[in-house]
Amino acid sequence: MKTLNSLRISRLGALALLSLLFSVAAQAGTVIEGLRMWPAPDNTRLVFDLSGRVEHTLFRLDGPDRLVIDIKDTRLGQPLKGLDYSNTHLSGIRSAVRNDSDLRVVLDLRGKVQPKSFVLAPNEQYGHRLVIDLHGQAEQAQAAAPQVKKRAPSAAEARDIVIAIDAGHGGEDPGASGPSRTREKDVVLAIAKKLKEMLDKEPGMRGVLTRSGDYFIPLRKRTEIARTHRADLFVSIHADAFRDRRAYGSSVYVLSPRGASSEHARLLAEKENASDLIGGVSLDDKDDLLASVLLDLSQTASVEMSSDAAAQVLHQIKEVNRLHKREVEQAGFRVLKSPDMPSILIETAFISNPTEERNLRSSNHQRKMAHAIMTGLRNYFRANPPPGTRLALQQDQRHAVSRGETLSAIAQRYRVSTESLRSANNLKGNTIRVGQVLQIPLDG
C-alpha cells in the first residue's frame, strides 16, 4: 500500500510539473531580445530583434505626436534603455503590458511622421525582426515638390570625404596566425587606427572605424556601420595566410562580376531585406524589372569606382611591400558586396610568412602601410571628389588677383590665414601680381 501511495504521489507531482511547464511556455510567447536604431538623413529605422514571428498593428496619436505599436503575445526580454535619440525622429520610447500577454510600445515623436512597418524572416546574420521606418512628412513633401537647382555649397557647408576603415576579424575570431602566433586581428586593427589618424589630419577627409577594439562584428554589420556614417568608400584590411610559408606579398581586391551577379540575385529575391541598400531607395515596393535596373546601375558604378580607387592604393603599397599580384584582383568577399558603396579589400601581407609576420608586428612598418593606403585614397579622391565635399569645392576655389589687392585682404575675404595662403601657393613672401591665380586652401 505504501508503494502504491508513493507511486500516486509521484505521478501527481509529474503532472503538476508538466502543467506548470506548459503554463510558463504558454505565457512566454515571443521575446523582444533587443532594439537597434539607425538614424538616416531622411528617416529613422528601428529594428526589434525577436525570438520568433509576431503579429502587430500600429497607429498614430496627436497632441503630442506618438506612434503606438501593439505586438501580440510578446514580452520584453530587457528594458529599452540606453538608446541615443539624437538625429532621430524620436524623443523617447515607452512600453507596457496589455491583456496580460500583449505588448504596447509607444514612440514619443519630435513631429509628424509617416510610418511603415514590416517583418523579416531570419537570415545568416539575424533572427526574426520587426522593422519600423519613420519618414518625416516635411521631408516627403520636399521630395515630392519640384526640384529647384541648388547653389553650390560654401566652404562652411561642404562636407568631408568619409572613409570607412574595417579591421578584419576581432574578438572570438582571431583571423589567421603567424609562425610566432601573431594574430591577424591585432595587426590589422593597429594599421586601421594609424590609417584613421592620418586621414583625420588630411584636409577634407576623415576616417571611421567599424571596430575600435578587440571585439567581433558580423560582416553585414560592418557595412551597416559604414552606411550609417554615409561613407564614400569602404576599406577592409586583412593579412593573408597560406600553408606554404614561402608565399608573400600584398594584394588589393574588388568585387568580382560573379560575386556581383550573385549579390544582385540575392537582393532581388529579398527586396525587403535590401530596402535600404540602393542609395536609400526602397526596393520592396518596386516591380522586379525596375528593381533589377536600379541594382544594375548602382552595382556597375560602385564596382567601377572601387577598381579605380584600388588601383591607386595598389600603386602606393608596392613602395612598402612586395606585391603578390601586380594587378587589382577580383573576388566575392561578402564585405565588398554593398551595391551603394565602393569597397576594396587589402591583404597587407602574408602573416604566415615569417619575414612578413615580423614586418606586420613592427609599428614602423604598420605606419608605412597605413601611409601608403592613405596616399592612394587621397590621390583617388583628389581626382574624383564626390559632389558637395570640401575637395570638390577646392577644385573651384581659386582667386584671380585684381589691381590693389593684397595677400592679407584676400586671406581675410576667404577666412583663411595669410600663412596658409602662402603655403598653398608656394609663396616665399607677401608679394603677388595682378592676374595671378591663387589656390584658396581648405583649412586656414
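Mentor: What follows starts with the core, goes on to a helix and the strands, and ends with some backbone details.

This is a predicted model, in which local features need pLDDT of at least 70 and side-chain atom pairs count only at pLDDT 80 or more, while totals for chains, interfaces and linings use all residues. Residues are numbered from 1 along each chain as its sequence is written, and side-chain values use heavy atoms, with hydrogens and water left out.

The largest nonpolar core holds 41 residues. A nonpolar core here is a set of buried Ala, Val, Leu, Ile, Met, Phe, Trp, Tyr and Cys residues joined through side-chain atoms within 4.5 Å. Buried stands for under 20% relative accessible area, exposed for over 50%, and partly exposed for values in between, with a 1.4 Å probe and protein chains only. Ile163, Ile237, Ile317 and Ile373 have the most contacts inside this core. Two or more residues each come from β10 (161-167), α3 (184-201), β11 (205-209), β12 (233-240), β13 (251-255), α6 (288-317), β15 (343-350) and α8 (363-383). These names refer to DSSP runs numbered from the N terminus: helices are H or I with at least four residues, strands are E with at least two.

Take Ile373 as a way in. Apart from neighbours within four places in sequence, Ile373 is in contact (heavy atoms within 4.5 Å) with Leu195, Ile237, Val313, Ile317 and Ile346. As background, nonpolar side chains in soluble globular proteins tend to be buried together.

At the start of α7, a side-chain oxygen of Asn353 comes to within 2.9 Å of the backbone nitrogen of Thr355.

His365 belongs to helix α8 and is buried at a relative accessible area of 11%. Residues up to four places away in sequence aside, His365 touches Val320, Asn321, Asn359 and Leu360.

Now the strands. In β2 (residues 43-50), 8 of the 8 residues are buried, so the strand is largely enclosed by the rest of the structure. Asn43, Arg45, Val47 and Asp49 point one way from β2, while Thr44, Leu46, Phe48 and Leu50 point the other way. Strands count as paired if DSSP finds at least two bridges between them. β2 pairs with β1 (residues 30-39) in the antiparallel sense over 7 bridges, with Leu35 opposite Phe48. β2 is also joined by 8 bridges to β9 (residues 128-136), again antiparallel, and there His128 is the bridge partner of Leu50.

An open sheet of 4 strands runs in the order β3-β4-β7-β6, with antiparallel pairing. β3 (56-61) and β6 (90-98) are the edge strands with a single partner each, so one side of each has no neighbour in the sheet. Within this sheet, β4 (residues 66-71) and β7 (residues 102-109) are joined by 6 bridges, and Val68 faces Val106 across the pair. The loop between β3 and β4 holds Pro64, and a cis peptide bond joins Gly63 and Pro64, with omega about 0 degrees.

Some backbone angles remain. Arg181, in the loop between β10 and α3, has a positive phi of about 70 degrees although it is not a glycine; Arg181 is exposed, at a relative accessible area of 73%. Asn426, in the loop between α11 (418-424) and β17 (437-439), also has a positive phi, about 55 degrees, without being a glycine. Asn426 counts as exposed at 70% relative accessibility.

Conventions: Polar contact = N/O pair within 3.5 Å; in protein donor to acceptor, adjacent residues only side chain to side chain.
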